Amino acid sequence: KSDQWIVDSLDSCFIHSDPHVGFPEILDNSKREDLSTLQNWAFTALSRETEELLRLTFRVFEDFGLLKHFGISDEIFKTFLLAVKCNYHDNPYHNFCHVVDVLQCCYYLLKVALNGRIPALLGPTHLMGLLIACLCHDLGHPSFGNVFIKESEHPLSILFNDTSVLENYHALVLFSILRCPLYD
């Protein structure tokens, strides 16, 4: 196709991860995290190692039965989580710890505050969408805001016509990850 260069350039906006190189085995059953840690409002991701955060994140989706419901293999989801982690920069705020805190807050509200009444409120598709949104809402965040991006005439500002630039970019990075043939 003549438009393939657009797809290629957009797909280059995210970091590809190789699940077999340099990453912890987050599905190691001997290192399964206890979900009671996440059922505490005082939880903070900042005091935890990346490997533990990845395992806790996996356990949230597993606890709601979403992987089984949608027929997503543990390996595919693990690879997705690693790609998400790789696409968060080491920013002071918009980083992987921040989104795990957001995910934990949502998990706490759904599991503890709502007393397990999730099925009456959300079906599996809505629940999956909510948790993925928690996890991916700041993907690729460059650590500066929309105003700076617009004023500096950053390429992202031009690409998104100065309209919700970072929000559109976060969605772009997520959809670029999902376009990877691995998730077909």
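Tutor: Let's take α4, whose buried residues are covered by, among others, α2 (50-63), α3 (66-70), α7 (124-136) and α10 (165-178). Covering here goes by contact, meaning heavy atoms within 4.5 Å, and helices are DSSP runs (H or I, at least four residues) numbered from the N terminus. Keep in mind that this is a predicted model, where local features need pLDDT of at least 70, side-chain atom pairs count only at pLDDT 80 or more, and totals for chains, interfaces and linings use all residues. Residues are numbered from 1 along each chain as its sequence is written, and side-chain values use heavy atoms, leaving out hydrogens and water.

α4 itself runs over residues 74-86. Its 13 residues reach 18 Å from first C-alpha to last, close to the 18 Å expected at 1.5 Å a residue (1.5 Å times one less than the number of residues). Its buried residues (under 20% relative accessible area, 1.4 Å probe, protein chains only) are Phe77, Lys78, Thr79, Phe80, Leu81, Leu82, Ala83, Val84 and Cys86.

Now for one of those neighbours, α2. The two helices pack at about 130 degrees, their axes 11 Å apart; axes are lines fitted to C-alpha atoms over the stretch in contact, and angles run from 0 to 180 degrees between N-to-C directions. On the α2 side, Thr50, Leu54, Thr57, Phe58 and Phe61 do the meeting, and on the α4 side it's Asp74, Phe77, Leu81, Leu82 and Lys85. Sort the residues of this contact and you get 6 nonpolar, 2 polar and 2 charged.

α2 is tucked in too: 10 of its 14 residues are buried, so it is largely enclosed by the rest of the structure. Those buried residues are Glu52, Leu53, Leu54, Arg55, Leu56, Thr57, Phe58, Arg59, Val60 and Phe61, and they pack against α3, α4, α5 and α7. The end C-alpha atoms of α2 are 20 Å apart, which agrees with the 20 Å its 14 residues should span. Just after α2, Gly65 takes a positive phi of about 70 degrees.

Finally, α7 also packs with α5 (residues 96-113), at about 150 degrees and with axes 7 Å apart. α5 and α7 are therefore roughly antiparallel, and the residues of their contact are 11 nonpolar, no polar and no charged.

Definitions and conventions:
Buried < 20%, exposed > 50% of the residue type's maximum accessible area, 1.4 Å probe, protein only. Nonpolar A, V, L, I, M, F, W, Y, C, P; charged D, E, K, R; others polar. Parallel < 35°, antiparallel > 145°, perpendicular 65-115°, else oblique.
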